[in-house]
There are 2 protein chains.
Amino acid sequence: MNPKAIKGLQCHQCNWVVPAVPFSYTCPKCGKNLDFMYDYEEIGISWSKSDLAGNKEKSIWRYLPLLPVTRAPEKISLRIGGTPLVDFPEIAEKSKIRSFQIKDDSRNPSGSLKDRASELAIQHARELGQDTIVAASTGNAGSSLAALSAYHGVKSVIFAPASAPPAKLTQIMQYGAQLVAVEANYDTAFDLAFEWATKHQKYCRNTGINSILAEGKKTVAIEIAEENNWQVPDHIFVPVGDGCIISGIFKGFFDLLALGWIDAMPALHAVQAEGSAAIVNSLSRGGEVTALVADTIADSISVNLPRDGDKARRAILESGGLGFKVNDTKILRAQKSLSETTGIFAEPAAAAAYAGFLQASKNGILKAGDHVVVLITGTGLKDTPAAQKLLKQFNPISADLGKIEAVLEGNAG
Amino acid sequence: MNPKAIKGLQCHQCNWVVPAVPFSYTCPKCGKNLDFMYDYEEIGISWSKSDLAGNKEKSIWRYLPLLPVTRAPEKISLRIGGTPLVDFPEIAEKSKIRSFQIKDDSRNPSGSLKDRASELAIQHARELGQDTIVAASTGNAGSSLAALSAYHGVKSVIFAPASAPPAKLTQIMQYGAQLVAVEANYDTAFDLAFEWATKHQKYCRNTGINSILAEGKKTVAIEIAEENNWQVPDHIFVPVGDGCIISGIFKGFFDLLALGWIDAMPALHAVQAEGSAAIVNSLSRGGEVTALVADTIADSISVNLPRDGDKARRAILESGGLGFKVNDTKILRAQKSLSETTGIFAEPAAAAAYAGFLQASKNGILKAGDHVVVLITGTGLKDTPAAQKLLKQFNPISADLGKIEAVLEGNAG
């Protein structure tokens, strides 16, 4: 981004504005989360849709004029973003809507959407002269930061609950990051990570309080718009834990509206696990987002106090979206039916978004002309034991054609 | 492909030619594996490099004029292929070569290169009027076929050793495929799958004996050539089990040479696990590929009798490639150092290719002007217990900043 286009960071609550450098994590006045503010006219002077159409870069760095860093990293061929937007006409037909698409962000290098945020955070840290990045994580953000730190050659320190899925902790260590496996939940890990980073003057990639992350995550919205030729969908179903992804998506469409590249904001629907629904609960109560004791199989969206709850509320309310709660059984069933119908193996948190879509479809919320996108944020390969809960145990068969035929008879066409 | 361009299938051993329809799995005369034969002049009439440059399709279907089916499937937005070719100038520098790239095929939908073959096989089966597809698999081919069968709406029956990594068997069941978990090794599962498919007249996606699979796998070679602007690398390191991937890569470059699009064949180096090295052993002995009792942690390349051994030998010898054997310790170390250096978490079989490269680099086989590609065939997320073998067990830390500081002191810059 042209540095002239950055107007500063604005508190989403009290509207206080601070400069982008030195970087502030939260509003110095009221402590709430900030938003990057741009001069869209300045951006529009040197960047147009046709410039973008002629840009062969496939990663998020094709959107550099809309990202709050000075330049792309030296190495970008690992390709963050540019994930498939997959059409499923048969699901659209079954749900009696016009169009159904899945944005499959499990196809990022570390297997989750978080790579978009980590990629931008690493470049941001470097431009601020930092080379150690700290993050708290339920697993995905940490494995993402660990992977991309290895790729870009920076250090990372990841605070995660010791009870996170073993595959995610394995991933973090595999990439050579320093893992701090805290005997506590995510919320405590979050506070400790920020405390340690602040005390030791390290860059902190904690969700929500670092507004660069929403800027990275917003690239998924820009891709959805661009791939649909700037005709935005009517509805997007988003899995919500901390609330930073849905806030980022809102910011992406907000930027595109401000640039005049799209003419509407899609309804952003938040889907939360029933046992971790602080944001959705706040919608029906009409008040603040308050903490609860989270309990769900969908570990990536299991949080007591959402760290970007207020901005998530704003994204839902200002976009005309709704809140959905789905229980663990529905999440696992949606995960299985999604795999069987689409060939996409999503992690439980991501499958929750599909469960929310199924619920909306059943409840008659969707109309015949609607275009729906479901966002799949992470791969099921990161937590196969979760999927196994719903699968029948297989019975090994002895190596005998007759016995095999007996088992297959009637099963395989 | 224009059907006129298909000249038939030729036995790679006795040169006997059979028509492409009805489809033959092996040479009716000598029983060996077949190759698709094309009329390259016919293909070149209606297809040029500049046609391709103007084609916006990102998946393998951009190469339809060089694939032996009549048309692309109805649905292709899940995107098979089009995986990143990642540049690592620092590895090139360290190894004193000109250029080092990783072709990261773990980024396919089911997490492995096998998706290229499954995608083409499903379309081929459909064009032959079949809607049930049978395959034997050590895990990746099966989970790939299961995923893409779900996507395209065909049935699949997967024969796998009951001892395959649980995540791979979970994946197969998750996608709704019929799993036949045989109490036997891959070789026996292979024979049973072919026997059952033949008896029940189902399409068989068994590696090697179905020549369509090499046609699907060859697309990775075409991508490597195209992304390097038709200047092929000097060396490609390929993990080898059954030998079908390296045969497919050879076929890809063979086709491009015949079309006149490239002017050299890269040296194709086969890397096998020391405990499953039937093909590499045959190179040093100078004779036939003979069976052994395979024993390696790299399950995807663990085979007793390689099913595409002869064609793999031809690929290595005719390309001027070499054979490398790497033991399990070296494979796991290479897996770890690859993750730490590149941010790519490869499964052990895929990491073997990187171990082969490291060995070649150490042995002085590579020259200063060389351009090297290492092919990563599958993601490490499919078998995290393998990676865990080399990782230290983490110690959970209590939620206390002082204790955390004591642990981190000296570790994190």
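**Figure 1. Chain A as a whole.** Chain A is built from 15 helices and 13 strands; here helices (H or I, at least four residues) and strands (E, at least two) are DSSP runs, numbered from the N terminus. This is a predicted model, in which local features need pLDDT of at least 70 and side-chain atom pairs count only at pLDDT 80 or more, while totals for chains, interfaces and linings use all residues. Residues are numbered from 1 along each chain as its sequence is written, and chains are lettered from A and ligands numbered from 1 in the order in which they are written.

**Figure 2. The overall form of chain A.** Along the principal axes, the C-alpha atoms of chain A fill a box of roughly 75 × 50 × 45 Å. A compact globule of 413 residues would have a radius of gyration near 22 Å, and the 21 Å of chain A agrees with that. (This radius is taken over C-alpha atoms, and the globule rule is 2.2 Å times the number of residues to the power 0.38.) Of the 413 residues of chain A, 60% are buried, meaning that 20 or more other C-beta atoms, placed from the backbone, lie within 10 Å of the residue's own.

**Figure 3. Where chains A and B meet.** Chain B can be laid on chain A by a turn of 180 degrees and a shift of 0.0 Å along the axis, with an RMSD of 0.0 Å; that is the relation of a two-fold axis. The superposition is by least squares on the C-alpha atoms of residues with pLDDT of at least 70 in both copies. The contact takes 66 residues from chain B and 66 residues from chain A, where contact asks for C-beta atoms, placed from the backbone, within 7 Å. On the side of chain B, helix 6 (residues 166-174) gives the largest share, seven residues. Because 100% of the interface residues of chain B are also interface residues in chain A, the copies meet through the same surface.

**Figure 4. Helix 4 of chain B, a mostly covered helix.** This helix (residues 114-127) has 14 residues and reaches 20 Å from its first C-alpha to its last, close to the 20 Å expected at 1.5 Å a residue, a span counted over one less than the number of residues. Of its 14 residues, 13 are buried. After helix 4 comes B:Gly129, with a positive phi near 80 degrees.

**Figure 5. Helix 13 of chain B.** The 15 residues of helix 13 (residues 328-342) should span 21 Å, which agrees with the 21 Å between its end C-alpha atoms. Its buried residues include B:Ile331, B:Leu332, B:Gln335 and B:Leu338. An α-helix has 3.6 residues a turn, so residues three or four places apart point the same way. Helix 13 is followed by B:Gly343, whose phi is positive, near 80 degrees.

Methods. Two residues are in contact if their C-beta atoms, placed from the backbone, lie within 7 Å. A residue is buried if 20 or more other C-beta atoms lie within 10 Å of its own, exposed if 12 or fewer, and partly exposed in between; C-beta atoms are placed from the backbone.
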